[in-house]
Amino acid sequence: MPPNPNSKPAEDVICIADQFHFSSFFSSTNLAGLDIDDDESVNTPNSPYNHRPSRSDSVSIIGPEEQVSGDARLKPHTIANPDRVKLKFYSNVLGDNSTFIHYGKWDGLDQDQPGAYGRASEAMTDYMYNLSMSLLPHRMDSNDFSYIDLGSGTGASAIHLVQKHSATISKVTCLNLCKEQNDMAIDSASEMDMSDRIDVVEASFEEIPFEENQYDLAFSQDAFIHALTKKKVYAEAYRVTKPGGAFVFCDLMCGDNPDLTVQELAQFAERNRINDWLNPSQIIKTCEEVGFKDVKFINLTTDLRISFQLMLKKVTFVLEHGDSGPNVNRVLLMNYRDSICRRITQIERGVFKWGLIHARKPVFMELTVKTPVPFVKTNHLILDVNKPSQKVEEGQEPNVVVVDILKKMQKEQIDALPSTVELLITMSAGLDHIDLDACKAKGIIVKQSGRDAITNHVIQYTLCFITLGLRDAFNQLGVAFPSKGWNLNWNCEGKSLTSCTIAIVGLGLIAKGLIAEIRKLAPDTRIIYTVPKHRRDFDVESKLKLEYVEKLTDLASQADVLLPLCSLNKSTEHLIDKEILGCLRPEAGIINVSRGKVVDTDALTEALENKSIRYAILDCTYPEPLPADHPLWKKDNCFIFPHYATNTMDVREKLVTDIQPIIEDHYGLGHSDARQKAEEKILRYDLAVAHRLTAKYGMDMLVWNHISARHRSGCLITPGRKMWGTINPEDLVFSSSNVTADIIHEAIYSARPDVKAVIHLHTPAATAVSCLEEGFQTITQDSAYFYGKVATYEWDGVSDDASEKPALAKAVKSVKGCNTLLMYNHGFACFGSSVKEAWVLAYYFERCCETQLRVMQSGGKLRRPNKIVMEKAAEASYLPEFAPGAQEWEALCGEVSFD
């Protein structure tokens with residue numbers, strides 16, 4: 001029963017006194033630190049018994065189930081502020097000064113170690129978060145993950161997760177009804193400098209004050225037990241969760257032992273003020289009724305038993321060994337002990353369970369056009385709003401809309417789409433029928449289905465045209481072989497792939513794929529290309545042996561075949577105009593398989609009429625279709641095809657069958673597992689190469705130091721206890737055995753969400769420079785990489801204390817665009833957007849430090865470079881062709897073999 005709000009505190013009894021202490025076996029922390037100040041006015045408006053039952057009222061679940069009858073001495077003094085008493089009981093008796101007040105997960109934990117209960121609670125929070133991210137693989141590497149913690153208590157879980165996953169979690173909403181706990185959460189978040197990421201909201205999870213589709217995850221720990229209506233809570237969680245998002249919560253649940261009577265279960269619920277007491281099967285059914293899919297239960301009752309056993313052990317220890325002076329309420333502890341014993345018995349009998357429920361919110365799609373082949377959906381997390389058989393509520397708005405090339409999606413149509421739409425899939429090769437700016441303004445992502453099939457078909461088709469055009473093959477149709485007079489010089493005006501220059505406008509998927517196919521057939525063909533200068537790709541140029549030509553006129557003047565392979569937009573309309581066509585040589589030809597409007601039809605007609613170019617092969621025209629009386633039809637050097645590049649049933653089938661994988665990939669509904677594995681394989685290879693290169697160039701230190709790369713919700717990192725020259729891709733681990741590594745790397749990732757890789761070394765020269773009062777000096781051209789980009793950090797001893805993370809992160813944040821942290825008297829860390837960038841920076845940093853030391857050793861007067869010159873050099877050092885690793889990495893990888 002709730003305490004009598006009219007009772008007055010007895011002056012000679014305090015709930016649990018400051019004088020109580022654990023022995024060193026449990027730690028030297030005081031028991032609860034409760035004093036008379038915890039017994040505030042019983043009639044305050046924030047008293048937990050003056051509002052609806054909430055998580056803060058759940059003291060009865062672990063407290064006395066009913067008061068001990070009989071001897072009046074065994075009746076504890078009424079507690080006017082049970083929230084604070086409960087928190088201090090959890091914090092000191094059970095949680096060893098931890099602010100975690102949740103039941104814990106005990107895998108691999110020693111119950112007898114100080115702080116065990118708090119660590120188990122943290123482990124449960126981590127377990128739930130990791131499970132949540134496994135449900136949402138598409139969000140593992142994001143830097144804008146948001147979730148709502150329903151019934152967040154003191155905010156301990158949110159603070160723990162934001163601190164641990166700061167590179168991923170951008171926003172947490174802590175929703176809780178208890179003002180005192182909320183105040184604690186606000187203060188704790190402020191102390192940890194997390195107020196910008198953690199919002200604390202005083203509200204009920206049965207009436208969440210936010211709009212729908214707000215959060216990637218709805219999360220809760222041990223909070224729903226006293227909800228008035230479970231279905232209302234689950235419906236609210238469903239409403240605020242994004243399409244494809246997850247719902248993960250743990251809670252006490254009604255047991256389902258068939259030997260128990262309904263009366264016994266009801267009596268337990270009544271005594272503990274539990275409304276809507278549901279067992280796991282009923283909870284699953286209720287979650288499904290509000291709309292969730294893939295609802296699963298994980299039974300963790302064994303862990304709960306361990307938690308209660310540890311509570312019993314600690315309370316018994318205090319009763320047997322603690323101070324029994326007048327300020328100690330032994331009666332309260334005795335009642336707790338008796339209640340815990342009953343709880344353990346009830347667990348054994350199956351009166352209640354403790355476990356975890358996880359579920360996904362489905363995604364709703366709408367096919368606005370008829371597909372060329374039937375769309376067969378095999379993922380039950382994707383629902384078609386137009387199919388009643390899928391039990392979609394009437395009026396349900398789609399999250400995904402599917403169109404084709406004939407469905408014009410201009411600004412008016414985009415603006416008219418429901419606000420729920422966030423993904424637009426088009427069954428087409430091009431995007432000119434969609435207003436991409438309007439989509440961007442509305443936050444809609446556009447994807448193309450059948451992209452791989454379309455790309456391959458266009459590549460094969462275009463390659464045929466190139467060969468046939470170079471050989472003038474179309475003009476040979478109907479030409480008879482000479483009956484006499486044939487010789488070796490007959491009809492030899494054509495060119496081979498090897499001897500020609502192919503000029504390409506654009507460097508998208510089709511262009512790169514076509515170039516790769518040409519290289520297989522004719523490795524020495526000269527291929528030139530042009531794109532806007534800022535989009536030039538040096539890696540592709542090197543890999544595919546391309547030549548970049550900045551001006552389109554210069555490109556055309558060198559071409560035997562001109563291939564516009566760019567998308568159609570305002571900047572590419574009539575890109576191939578009279579001027580460009582005029583730059584082509586008379587023996588050159590043009591092939592257009594992109595979009596008709598990229599080429600000025602009138603200018604092309606004139607060029608063909610004047611024979612200023614040899615031929616034109618057109619798979620597309622403007623207008624399309626070309627009028628029957630258009631002069632191009634009559635040109636014997638113009639070959640027009642009916643936009644035919646992708647006209648096979650293979651492509652038509654892929655346009656449809658790709659729809660589901662695109663949705664799955666976007667929402668993390670299962671399809672992205674293969675991609676994650678492929679990305680991890682590449683990352684492991686690069687990291688292993690980096691380790692071996694570090695050893696090869698004498699920058700390692702036996703088995704110490706570490707390199708990491710962000711992946712999923714964590715990072716792959718050096719395994720430890722292994723010489724760097726022997727590390728293979730499979731050796732990299734997700735959790736380092738070196739606590740220093742975890743602290744340094746997590747701090748840098750938290751400070752810089754854009755950073756994808758970190759390397760921390762104690763190389764001789766850099767470590768020597770870290771011991772200099774003046775630190776690192778940018779005095780050479782090579783040091784331009786680091787001009788204005790080196791932060792410093794005062795050595796604070798071995799980095800084995802997690803509390804050092806905020807200081808490390810602050811140091812990194814102190815320098816805008818920082819790429820290196822010089823740790824005084826310690827070493828350094830370099831970091832960047834990739835493993836190759838981080839490693840190459842580390843190599844050059846060590847080299848610059850060696851140069852600095854040699855200059856100092858010379859004793860000569862130092863000549864510093866001009867500031868303006870260094871600023872320009874620093875800017876140039878990050879141009880695409882000079883960026884760290886852009887030129888070096890491929891060659892460096894060639895020095896490493898894992899055979």
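Tutor: Start with pairing: two strands pair if DSSP finds at least two bridges between them. Keep in mind that this is a predicted model.

Student: What makes S6 and S7 a pair?

Tutor: Five bridges join S6 to strand S7, residues 352-360. The definition asks for at least two, so S6 and S7 pair. They run antiparallel. Ile298 stands opposite Leu356 in S7.

Student: How do you know which strands stand at the edges of the sheet?

Tutor: Read the order: S3-S2-S1-S4-S5-S7-S6, an open sheet of seven strands with mixed pairing. Strand S3 (198-202) and strand S6 (293-299) each have a single partner strand, so one side of each lacks a neighbour in the sheet. On average, neighbouring strands are turned by 15° against each other, direction ignored.

Student: What pairs with S4 on the S1 side, and what on the S5 side?

Tutor: S1 pairs with S4 in the parallel sense over three bridges. Asp149 has Phe219 in S4 as its bridge partner. S4 and S5 are also paired in the parallel sense, over six bridges. Here Leu217 has Ala246 in S5 as its partner.

Student: Why is S4 called largely enclosed?

Tutor: Buried means under 20% relative accessible area. Seven of the seven residues of S4 are buried, so the rest of the structure largely encloses this strand.

Student: Which helices lie on the sheet, and at what angles?

Tutor: Helix H3 (residues 116-135) is one of them, packing on the sheet. H3 touches strand S1 (145-150), strand S2 (169-176), strand S4 (215-221), strand S5 (241-254), S6 and S7. Its direction makes about 150° with that of S4. Helix H5 (residues 179-191) lies across S2 and S3, at about 165° to S3.

Student: Why are H9 and H10 called roughly antiparallel?

Tutor: Helix H9 (residues 301-321) and helix H10 (residues 330-349) pack at an angle of about 155°. The cut-off for roughly antiparallel is over 145 degrees. H9 and H10 are therefore roughly antiparallel to each other. Their axes are 9 Å apart, and H9 passes H10 in a left-handed crossing.

Student: What makes up the contact between H9 and H10?

Tutor: The H9 side includes Leu304, Phe308, Leu312 and Val315. The H10 side includes Leu333, Arg337, Ile340 and Ile344. By class, the contact of H9 with H10 has 13 nonpolar, three polar and five charged residues.

Key
Residues numbered from 1 in each chain as written. Predicted model: local features only at pLDDT ≥ 70, side-chain atom pairs only at ≥ 80, totals over all residues. Heavy atoms only, no water. Axes fitted to C-alpha atoms, helices over the stretch in contact; angles between N-to-C directions. Helix = DSSP H or I, 4+ residues; strand = E, 2+ residues; numbered from the N terminus. Parallel < 35°, antiparallel > 145°, perpendicular 65-115°, else oblique. Left-handed = near helix turned anticlockwise from the far one by under 90°. Contact = heavy atoms within 4.5 Å. Nonpolar A, V, L, I, M, F, W, Y, C, P; charged D, E, K, R; others polar. Buried < 20%, exposed > 50% of the residue type's maximum accessible area, 1.4 Å probe, protein only.
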